[in-house]
Amino acid sequence: MDIDAWYINSSDEDQRKPHRLEPNKPVSLDELEKLGVFYRKLDADIYESDPELEKICKDQGYTYMDIITINKDALPNYEEKLKMFFEEHLHMDDEIRYILDGRAYFDVRDKEDRWIRIAMSKGDLITLPSGIYHRFTLDETNYTKAMRLFVGEPVWKAYNRPADDLEIRKKYLDSLH
Ligand SMILES: CSCCC(=O)/C(O)=C/O
Ligand SMILES: [Fe+2]
């Protein structure tokens with residue numbers, strides 16, 4: 001399974017640009033898994049009747065799913081939401097997203113607090129663990145459609161950084177040892 005992830009520079013350029021270092025410093029699936037980030041590729045053309053997706057949901061206990069389309073015309077309060085998604089934050093629960101169409105980036109912090117950018121495109125399913133600092137942005141295509149999965153009723157609340165005193169953050173940091 002292949003993933004395109006890399007360390008980013010800290011330039012103030014448009015967040016939608018790749019922000020690759022020169023030379024590029026890629027991050028492997030193994031390195032991401034050590035941070036608790038899991039990735040897999042599915043066939044998004046058959047998401048409505050995909051036995052593989054059904055099995056994942058059953059095994060992981062994902063009982064909630066909805067679909068969000070993120071572009072200027074489809075998402076109410078588009079600019080405000082994009083700004084919110086790009087604020088560094090964490091959640092009390094895992095963030096599970098399955099890209100059905102379009103492209104986007106998730107950024108996650110590594111153990112040394114450096115940003116890693118993960119390129120997401122059609123068929124990519126990602127799980128970010130509860131307590132990890134992260135953010136989300138569209139890329140320069142300005143469009144993605146994603147399934148959001150959840151165990152039980154969804155809780156969308158984001159805790160912006162600093163949230164270091166939260167138990168979930170401490171638990172996450174402990175899990176890295
Ligand atoms: C692709 S869904 C929008 C992003 C989001 O829900 C979130 O919490 C980003 O961190
Ligand atoms: Fe999030």
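Two strands pair if DSSP finds at least two bridges between them; helices (H or I, at least four residues) and strands (E, at least two) are DSSP runs, numbered from the N terminus. This model is predicted: local features need pLDDT of at least 70 and side-chain atom pairs count only at pLDDT 80 or more, while totals for chains, interfaces and linings use all residues. Residues are numbered from 1 along each chain as its sequence is written, with chains lettered from A and ligands numbered from 1 in the order in which they are written.

Q: Which residue in β6 is the bridge partner of D107?
A: β5 and β6 pair in the antiparallel sense over seven bridges. Their hairpin has five residues between the strands, and D113 there takes a positive phi near 70°. Within β6, D107 has as its bridge partner R117.

Q: Which residue in β6 stands opposite A5?
A: Strand β1 (residues 5–7) runs antiparallel to β6, and three bridges join them. Contact means C-beta atoms, placed from the backbone, within 7 Å. Beyond four places in sequence, A5 is one of the residues touched by I118, along with I3, Y105, F106, V108 and I126. The residue opposite A5 is I118.

Q: Does H134 count as buried or exposed?
A: The cut-offs use C-beta atoms placed from the backbone: buried means 20 or more others within 10 Å, exposed 12 or fewer, and partly exposed in between. H134 is in strand β8. Because H134 has 22 C-beta neighbours inside 10 Å, the class is buried.

Q: What is the largest C-alpha distance among the residues that UniProt places in "binding site"?
A: The unreviewed UniProt entry gives this feature at H89, H91, E95 and H134; such positions follow the numbering used here, feature names are shortened, and annotations may be inferred rather than shown by experiment. These residues are spread over 46 residues of sequence but cluster in space, with a largest C-alpha distance of 11.4 Å.

Technical notes: Two residues are in contact if their C-beta atoms, placed from the backbone, lie within 7 Å.
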